[in-house]
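This report examines a protein chain from its overall composition down to individual side-chain contacts. The sequence and the structure are shown first.

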Amino acid sequence: MLYSSSNHLDSSSDIRATSKENSWRKRFTGQSKLTVVLLVIVTTCLVACAIFLLVYLKVLKPRSRNDAVVAIFPVTSGGNGSQIVMEAGTEFVYSNPFSGFWVYDPNDPFKSTAQSNSWTPPLNTSWDFTTHRIHGVNLGGLFILEHMTSPAIFERYPGTVDEWDLSVAMADDQSNGGLSQIEEHYRTFITEKDIAEIAGTGLTWVRLPIGFWAIETWPGSANGGTTGGKWGQLEFLNGVMGIANAQRMLYYIRVLAQDPNGPMSCQCLA
């Protein structure tokens, strides 16, 4: 009886131990499955976030930027009577009775398919000097400051005789903006609206005088006389430096006429 009872107790103990082991095993297996499920969920979320971020940076954000530009410039082409919205947000009506039209492409700001009138080829077409006639205007007073072409800016500083004197006087007048007044002159003297009005009158070319000091700083006049740059003739091509100065001037012409950034540069200069 004692032996049988002992065996019965051992069997009960084994059953309890096995039951407890199975219980822990089930619990551990359940926790493992839960952990795997959580890891899968977290990994899926991270991958989804990465994909969304990539799509946002590559597709949605550039598209929203372009949409904003289009919102500012809703019309990208137009002819006589069309409304033009400039970059600053101001508007004006385009007047061109000669069948000319303007073009603005937010994705290609240098697009050159515009045409000033019906008898002149578009900007992206080669100009034939044997058949096409030039009707142009001189934009004097923009980059070369002279009393006769831009008197208002000289009237602020009585006694200045040339751009050299004007620059010195402005540099000493920091309370009124100093030399930034010249930058403001460049920005406002000829505007986008002026160019549109030039095209609207049937003109096809503009002459844009520019001083050599825009490339390198050398004292002297733009024309060897009393206007533009520094007053007086410096015998630029005479004396021991005559040949060197001639070479320097040829370099200036090459800088202005050469195409440094693609085909548009020459068209803009022309």
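The sections below treat the chain as a whole, then its helices, an aromatic group and selected loop and strand residues.

**Basis and overall composition**

The model is predicted, so that local features are reported only at a pLDDT of at least 70 and side-chain atom pairs only at pLDDT 80 or more, while totals for chains, interfaces and linings use all residues. Residues are numbered from 1 along each chain as its sequence is written, and side-chain values use heavy atoms, with hydrogens and water left out.

The protein chain contains seven helices and six strands; helices (H or I, at least four residues) and strands (E, at least two) are DSSP runs numbered from the N terminus. Along the sequence, these elements follow the pattern α-β-β-β-β-β-α-α-α-α-β-α-α. Of the 270 residues, 22% count as buried, where buried means under 20% relative accessible area, exposed means over 50%, and partly exposed lies in between (1.4 Å probe, protein chains only). The accessible surface comes to about 18800 Å², of which 62% belongs to carbon and sulfur atoms; areas come from the Shrake-Rupley method with a 1.4 Å probe, and for residues only the protein chains shown count as cover. Among contacts (heavy atoms within 4.5 Å) between residues at least 6 apart in sequence, 46% join residues at least 24 apart.

Helix H4 spans residues 180-188, and Gln181, Ile182 and His185 are buried in it. These residues lie on the same side of H4, because they cover an arc of only 100 degrees around the axis, the arc being that of the directions from the helix axis to the C-beta atoms. Helix H2 (151-155) and helix H3 (163-171) are among the elements that cover the buried residues of H4. The face turned away from the buried side carries the exposed residues Glu183 and Arg187.

The structure holds one salt bridge, defined as a side-chain nitrogen of Lys or Arg within 4 Å of a carboxyl oxygen of Asp or Glu. Glu184 forms this bridge with Arg187, with the closest N and O atoms 2.8 Å apart. Both residues lie in H4, three residues apart, about one turn of the helix. An α-helix has 3.6 residues a turn, so residues three or four places apart point the same way.

In helix H5 (residues 192-200), the buried residues are Ala196, Ile198, Ala199 and Gly200. These residues pack against E3, E5 and E6. Just after H5, Gly202 takes a positive phi of about 95 degrees.

**An aromatic cluster**

Five aromatic pairs are present; rings of Phe, Tyr and Trp (its six-membered ring) pair if their centres lie within 6.5 Å, with planes under 30 degrees apart counted as stacked, over 60 as edge-to-face and the rest as tilted. The pair of Trp127 and Trp205 is edge-to-face, because the ring centres are 5.3 Å apart and the planes stand at 80 degrees. This pair links distant parts of the chain, 78 residues apart: Trp127 is in the loop between E4 and strand E5 (136-138), and Trp205 is in strand E6 (residues 205-207). Together with Phe129, Trp127 and Trp205 form one aromatic cluster.

Asn117 lies in the loop between E4 and E5. Its side chain makes a polar contact with the side chain of Ser116 (3.4 Å); such a contact is a pair of N or O atoms within 3.5 Å, and within protein one must be able to donate a hydrogen and the other to accept it, while residues adjacent in sequence count only if both atoms are side-chain atoms. The backbone nitrogen of Trp119 lies 3.3 Å from a polar atom of the Asn117 side chain. Beyond its neighbours within four places in sequence, Asn117 is in contact with Phe98, Ser99, Gly100, Gly202 and Thr204.

Ser99 is located in the loop between strand E3 (91-93) and strand E4 (102-103). Its phi is near 65 degrees, a positive value in a residue other than glycine.

Gly78 is found in strand E1 (residues 77-78). Leaving aside neighbours within four places in sequence, Gly78 contacts Tyr94, Phe101 and Trp102. The C-alpha atoms of Gly78 and Val103, 25 residues apart along the chain, are separated by 6.9 Å.

The table gives the accessibility of residues discussed above.

| Residue | Relative accessible area | Class |
|---|---|---|
| Gly78 | 11% | buried |
| Ser99 | 57% | exposed |
| Asn117 | 0% | buried |
| Trp127 | 21% | partly exposed |
| Trp205 | 22% | partly exposed |
| Glu184 | 37% | partly exposed |
| Arg187 | 56% | exposed |
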